[in-house]
Amino acid sequence: MVVAVAFSPDGKKVLTGSMDKTARLWDAATGALCGEPLRHEHGVDAVAFSPDGKTVLTGSYDQTARFWNALTGAPRGEPLWHEGIVLALAFSPDGRTVLTGSNDATARLWDAATGAPRGEPLRHRGLIHAVAFSPDGNTVLTGSADGIARLWNVSQCIDDPERIRLWVEVNTGRHAAPDGTIRRLPLDEWLDRRQRLAELGGPPLR
């Protein structure tokens, strides 16, 4: 039984997830299978393409979400673990973060490059069926069997080292180099950092 589907961003491939414990990549024009099945230990009920189409993410009853190379089908990195079935997946618009939802009543943000969790779990009182990023990537939306959909500010859910560094530089007007030297930031550099900090969501949590 096929329970999840997605188009690649360029529309040339489709990705399907099935209760036969596999996800499969297909040529959208010919219907031909592209490479070997992407295998989990249990059924695959959630699938997604990264915004650049180079990576796919699959979620499974085996309590993992897994990254795969969309061209070769090779696994990429370590699985992302929940304490229950992974029911929903989403990539951030810039492809740097993924969001997973599970029947363990949590959604989780992860670094797409390293697989490291970003911040604490986003908690509901029931299993999480649906997740999504806003177009600017600053907000996520989770939908749960508890009858509630919740909006979460991404910058308030994670402690991003880059955001912390920029906040310090903007507030002190100084930059600390790797060799330990400290210099005052010229106005143009300070303005650039302030703009980048705003784009990342503003000051870090205290």
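Predicted model: local features only at pLDDT ≥ 70, side-chain atom pairs only at ≥ 80, totals over all residues.
1. **Core membership.** The largest nonpolar core has 13 residues. Those touching the most other members are Leu-99, Ala-107, Leu-109, Leu-122, Val-131, Phe-133 and Val-140. At least two core residues come from each of strand 9 (86-91), strand 11 (106-111), strand 13 (128-133) and helix 1 (154-157). Strand 13 is the top contributor, with three.

2. **Val-131.** This residue is among the core members with the most partners inside the core.

3. **Second largest pocket.** Its volume is about 190 Å³. The lining counts 14 residues. Val-47, Ala-48, Leu-89, Ala-90 and Phe-91 lie nearest the pocket centre. Strand 5 (44-49) and strand 9 each give at least two lining residues. By type, the lining holds 12 nonpolar residues, one polar and one charged.

4. **Strand 9 in both places.** Strand 9 supplies at least two residues to the core. Strand 9 also supplies at least two residues to the lining of the second largest pocket.

5. **Glu-169.** This residue sits in helix 2 (residues 161-172). Is Glu-169 buried or exposed? Glu-169 counts as buried because its relative accessibility is 4%, under the 20% cut-off. Its side chain makes a polar contact with the side chain of Arg-193, at 2.4 Å. Beyond four places in sequence, Glu-169 is in contact with Arg-174, His-175, Ala-176, Leu-185, Trp-190 and Arg-193.

6. **Gly-84.** Gly-84 lies in the loop between strand 8 (75-81) and strand 9. Its relative accessibility is 5%, so Gly-84 counts as buried. Not counting residues up to four places away, Gly-84 touches Gln-63, Ser-102, Asn-103 and Asp-104. The C-alpha atoms of Gly-84 and Ser-60 are separated by 9.3 Å, with the two residues 24 apart along the chain.

7. **Thr-181.** The loop between strand 16 (174-176) and strand 17 (182-184) holds Thr-181. Thr-181 counts as partly exposed because its relative accessibility is 44%, between the 20% and 50% cut-offs.

How values were computed:
Residues numbered from 1 in each chain as written. Heavy atoms only, no water. Core = buried A, V, L, I, M, F, W, Y, C linked by side-chain atoms within 4.5 Å. Buried < 20%, exposed > 50% of the residue type's maximum accessible area, 1.4 Å probe, protein only. Helix = DSSP H or I, 4+ residues; strand = E, 2+ residues; numbered from the N terminus. 1 Å grid on protein atoms, 1.4 Å probe; cavity = no way out; pocket = protein on both sides within 12 Å on 5 of 7 lines; lining within 4 Å. Points joined across faces, edges and corners; volume = space filled by probe spheres on them. Nonpolar A, V, L, I, M, F, W, Y, C, P; charged D, E, K, R; others polar. Contact = heavy atoms within 4.5 Å. Polar contact = N/O pair within 3.5 Å; in protein donor to acceptor, adjacent residues only side chain to side chain.
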